[in-house]
Amino acid sequence: MPDVHRCFRRLLCWRHWGVAVAVTAALSCSAQAAPLKLLALGDSLTAGYGLPHDRGFVPQLQRALDARHDDVTVLDGGVSGDTSADALARLDWVLGDRPDAAIVELGGNDGLRGLDPQLMQDHIRAILDRLRQAHIPVLLSGMLAPPNMGPEYGARFRAAFDGLARTPGIMWDPFFLDGVAGHPNLQQGDRMHANAAGVQAIVARLVPRIERLLDQARAGRSR
């Protein structure tokens, strides 16, 4: 009789183990099937300042990724007027959406206000560190200082981003407005913000980098 009891307990253990394996596999498949969440953290350039809602950076990027059949939801983390300090202050709030990857576009308002480039670098580095701690791969897109701030300030501003570009593990894009700045047909009347065609050009330029960023996020999910 004791042998019968042992066999019965063994069968129960195997049954429970099989259920646990099935549940784990189902949860794993569900996690793999869920769309990736891509956070676009930035200022007015990300928020689509001066544009109809559907022509801003986030909606245009979403459509571009949808056209490639990427199962991705782009989270709008852009706030017009934000400096690097402002974005750092609200970072924990935007991370509440649990993004899988992030684009960071900041610095324009720091430059327009003539804020200390070293402080800007410190704030953005703190953002990058927080994202790294959360295992979120990052594409950092740089910015240039407005020409009217003078060459010395411009050099310090560029040096701050050059330092950030060397952050281990990030993907680097030197200038968010590359190919748009200096082209009136791609800019709004203020000559600071991209128009709808300019945003389309930015998205087209960044999509190959973003695809690599999403590959990193997918690899992180599988580990």
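Which helices each supply at least two residues of the lining of the largest pocket? They are α2 and α6 (108-112). Read on for how these and other elements line spaces and pack together.

## About the model

Here is a predicted model, in which local features need pLDDT of at least 70 and side-chain atom pairs count only at pLDDT 80 or more, while totals for chains, interfaces and linings use all residues. Numbering starts from 1 along each chain as its sequence is written, and side-chain values use heavy atoms, with hydrogens and water left out.

Helices are DSSP runs (H or I, at least four residues), numbered from the N terminus.

## The two largest pockets

The largest pocket has a volume of about 420 Å³. Its lining has 24 residues, and Leu112, Met143, Pro146, Leu177 and Met192 are the closest to its centre. Helix α6 provides the largest share of this lining, four residues. By class, the lining of the largest pocket has 13 nonpolar, nine polar and two charged residues. (Ala, Val, Leu, Ile, Met, Phe, Trp, Tyr, Cys and Pro count as nonpolar, Asp, Glu, Lys and Arg as charged, and the others, Gly among them, as polar.) A pocket is an open set of points on a 1 Å grid over the protein atoms alone, with protein on both sides within 12 Å along at least five of seven lines; a cavity is a set where a 1.4 Å probe fits but cannot get out, and lining residues have an atom within 4 Å of a point. Grid points are joined across faces, edges and corners, and a volume is the space filled by probe spheres set on the points.

The second largest pocket has a volume of about 350 Å³. Its lining is made of 16 residues, with Pro99, Asp100, Ala134, His135 and Ile136 nearest the centre. Here α9 gives the most, four residues. The lining of the second largest pocket has six nonpolar, three polar and seven charged residues.

Among the residues that line the largest cavity are Ser44, Leu45, Phe57, Phe176, His193, Val199 and Ile202. Helices α2 (44-47) and α9 each supply at least two residues of this lining. By class, the lining of the largest cavity divides into eight nonpolar, four polar and no charged residues.

## Helix α3 against α9

Helix α3 (residues 57-67) packs on helix α9 (residues 196-222) at an angle of about 55°, with their axes 9 Å apart. That angle makes α3 oblique to α9. (Angles under 35 degrees count as roughly parallel, over 145 as roughly antiparallel, 65 to 115 as roughly perpendicular and the rest as oblique; axes are lines fitted to C-alpha atoms, for helices over the stretch in contact, and angles run from 0 to 180 degrees between N-to-C directions.)

The contact (heavy atoms within 4.5 Å) includes Phe57, Leu61 and Leu65 of α3 and Val199, Ile202 and Leu206 of α9. Its residues divide into 12 nonpolar, two polar and one charged.

## Helix α7 against α8

The axes of helix α7 (residues 117-133) and helix α8 (residues 151-165) come within 9 Å and cross at roughly 20°. That makes α7 roughly parallel to α8. Met120, Ile124 and Leu128 of α7 are among the contact residues, as are Tyr153, Phe157 and Phe161 of α8. By class, the contact of α7 with α8 has 10 nonpolar, two polar and two charged residues.
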